[in-house]
Amino acid sequence: MKPTLLILAAGMASRYGSMKQVDGFGPNGETIIDYSIYDAIKAGFGKVSFIIREEFADNFKAIFEPKLKGRIETDYVFQSFDLTPFGINKTIERAKPWGTAHAVLAARNQVNEPFCVINADDFYGYDSFEKMAKFLTTEVADDTYSLIGYQIDRTLSDYGSVSRGVCKVNDEGNMVEINERTEVYFKEDGSVAYKDATGEHPLPNDTRVSMNFWGFTPAVFKQSEDMFRAFVEANETNPKSEFFIPLVADELIKAGTASFKVIPTGSKWFGVTYKEDKPIVQKSISELVANGVYPEKLWD
């Protein structure tokens, strides 16, 4: 069974100022999602599921259906504020959905095969999709999951500090924990460091970080439902709280329910958070096209 690609695209992109999920970055207006799907098809994925808000559906279908028809099966998963499907009979007022792990749970009735999860606004590179497809077709099990581990110096900005989920990996190549470092940056000599309340700390340039590229079986839905209900109960008065995938991973690891293989990649990651990021991403994609990594017209 071919694996499925789940794309997290329900965010409001408030810092970007518009729907960056469908903004054009390639030479012919290609979205970042287009490049992810192109790489996923090449790597052997059989279906793409867009996790979106229901009000985005017509816009997404108009953009992606014509170019993907006959190339890969498509599906749409709606992330909503309705908690009753999880047995929570109350309405909690929030401006944003409940986070990435809740978005994955929204697909629990539509995904029946091994799958991976990515962000809509991140460029991951073909090597990552190829390695994830191999894992999902040969190694994945209900107690054996994965994430793509990017080399930290291949994910940083030349324009300031960023937040990164730094992976602690054991001798078997499995994740022990993720530590969120909120101020990671290049030093003048090209080395990497982060700052916290205790000062500056060095990080090896080949440290592995998570960029939210995860591999699962459908067993994760059952494994995380109770966690979500407990999270809602604990955070119903905190409108900014979010149920993130690393929270699920951390709990599964600590409980001994599942291991997470950290699959290393040499791919360069880049993404968009602010409008100022757009020309940088456009330049990066143009260089990949010029070097023959992608055709100028992606879907011709």
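User: How many cavities of 30 Å³ or more does the structure hold, and what makes a space a cavity?

Analyst: This predicted model holds 1 cavity of 30 Å³ or more. A cavity is a set of points, on a 1 Å grid over the protein atoms alone, where a 1.4 Å probe fits but cannot get out. About 60 Å³ of space lies in the largest cavity. That volume is the space filled by probe spheres set on the points, with grid points joined across faces, edges and corners.

User: Which residues line the largest cavity?

Analyst: Its lining is A101, V104, L105, F216, V220, S224, I245 and V248. Lining residues have an atom within 4 Å of a point. Helix 3 (100-105), helix 5 (219-235) and helix 6 (245-255) are the elements that give two or more residues. Helix 3 provides the largest share, 3 residues. Helices here are DSSP runs (H or I, at least four residues), and strands are runs of E (at least two), both numbered from the N terminus.

User: Why does T100 count as buried?

Analyst: T100 lies in helix 3. Buried means under 20% relative accessible area, exposed over 50%, and partly exposed in between (1.4 Å probe, protein chains only). T100 has 17% relative accessibility, so T100 counts as buried.

User: What does T100 touch?

Analyst: Leaving out residues up to four places away in sequence, T100 touches L8, N212, F243, F244 and I245. Contact means heavy atoms within 4.5 Å.

User: What span is expected for helix 7, and what does helix 7 reach?

Analyst: The expected span is 1.5 Å times one less than the number of residues. Helix 7 (residues 278-290) has 13 residues, and 18 Å is expected. From first C-alpha to last, helix 7 reaches 18 Å, close to that value.

User: Which residues of helix 7 are buried, and why are they said to be on the same side?

Analyst: V281, S284, I285 and V289 are buried. They cover an arc of only 140 degrees around the axis, which puts them on the same side of helix 7. The arc is that of the directions from the helix axis to the C-beta atoms. On the other side, K283 and A290 are exposed.

User: What do the buried residues of helix 7 pack against?

Analyst: They pack against helix 1 (32-43), strand 5 (122-123) and strand 13 (270-271). After helix 7 comes G292, with a positive phi near 80 degrees.

User: How are the residues numbered, and which ones count?

Analyst: Residues are numbered from 1 along each chain as its sequence is written. In this predicted model, local features need pLDDT of at least 70, side-chain atom pairs count only at pLDDT 80 or more, and totals for chains, interfaces and linings use all residues, while side-chain values use heavy atoms, leaving out hydrogens and water.

Definitions and conventions: On a 1 Å grid over the protein atoms alone, a cavity is a set of points where a 1.4 Å probe fits but cannot get out, and a pocket is an open set with protein on both sides within 12 Å along at least five of seven lines; lining residues have an atom within 4 Å of a point.
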